[in-house]
Amino acid sequence: MSVDLTLGDAARAIGVSVDTLRRWDRGGKLQTTRDARNRRRVPRTEIERLTARPPRHAVGDGLSARNRFPGVVRSVEVDGVMALVEIEAGPHLVTAAITRDAVRELGLAEGMRVTAAVKATSVMIERGHA
């Protein structure tokens, strides 16, 4: 027998907001029931389904695949406590500013295969050159 939870309890169990659960319900991503007072209830089976997702990748840090750029180290420039590492990732050139210690710990060198994991809270836009 499945136990139904309130939207608030379900949101806490999944780690999202109540508003997100309402949107998921309207969009068909979440199956809910209604109680005698017409309030949404979330079956425990839905909580289990939504929280039992396999990890997106082996690292397990919560980054999505679109944030990962496998490539080859093109250059490593160490200056003081910081370093610039250029990675050729397919058609992209990714430059990372990391610590000198990180370069040493990772053993980074030109030609080495690496993956750039990009996590940013903002994106800056530059006017295009048409």
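**Entry 1: terms and model**

I count two strands as paired if DSSP finds at least two bridges between them, and I take strands (E, at least two residues) and helices (H or I, at least four residues) as DSSP runs numbered from the N terminus. The model is predicted, and I therefore note that local features need pLDDT of at least 70, that side-chain atom pairs count only at pLDDT 80 or more, and that totals for chains, interfaces and linings use all residues. Residues are numbered from 1 along each chain as its sequence is written, while side-chain values use heavy atoms, with hydrogens and water left out.

**Entry 2: the three-stranded sheet**

I looked up the strand order and found an open sheet of three strands, β1-β3-β2, with antiparallel pairing. β1 (4–6) and β2 (33–34) are at its edges and have a single partner strand each, so one side of each lacks a neighbour in the sheet. Between β2 and β3 (residues 40–43) I find two bridges, in the antiparallel sense, and opposite Arg 34 I find Arg 40 of β3.

Helix α1 (residues 7–14) packs on this sheet and touches β1 and β3, its direction making about 95° with that of β1. For such angles, axes are lines fitted to C-alpha atoms, for helices over the stretch in contact, and the angle between N-to-C directions runs from 0 to 180 degrees; contact means heavy atoms within 4.5 Å. Helix α3 (residues 44–51) also lies across β1 and β3, and it runs at about 60° to β3.

**Entry 3: which side of α1 is buried**

I call a residue buried under 20% relative accessible area, exposed over 50% and partly exposed in between, using a 1.4 Å probe and protein chains only. In α1 the buried residues are Leu 7, Gly 8, Ala 10, Ala 11 and Ile 14. Viewed down the helix axis they fall within an arc of 165°, so they line one face of α1; the arc is that of the directions from the axis to the C-beta atoms. As background, an α-helix has 3.6 residues a turn, so residues three or four places apart point the same way. The partners of these buried residues are β1, α2 (18–27), β3 and α3. Just after α1, I note that Gly 15 has a positive phi of about 90°.

Strand β5 (residues 82–89) is joined to β6 by eight bridges; Leu 84 stands opposite Ala 97, and Ala 83 has Ile 98 as its bridge partner. Two residues separate these strands in their hairpin, where Gly 90 takes a positive phi near 60°.

The largest pocket has a volume of about 230 Å³, and of its 15 lining residues Ile 87, Ala 96, Thr 115, Ala 116 and Ala 117 lie nearest its centre. β5, β6 and β7 each supply at least two residues of that lining. On a 1 Å grid over the protein atoms alone, a pocket is an open set of points where a 1.4 Å probe fits, with protein on both sides within 12 Å along at least five of seven lines, and lining residues have an atom within 4 Å of a point. Points are joined across faces, edges and corners, and the volume is the space filled by probe spheres set on them.

**Entry 4: Leu 108**

Leu 108 lies in the loop between α4 (100–106) and β7, and it is buried, with a relative accessible area of 16%. Leaving out residues up to four places away in sequence, I find that Leu 108 touches Val 73, Val 76, Val 85, Ile 98, Val 103 and Val 114. Val 76 is 32 residues from Leu 108 in sequence, yet the two are 7.4 Å apart in space, C-alpha to C-alpha.
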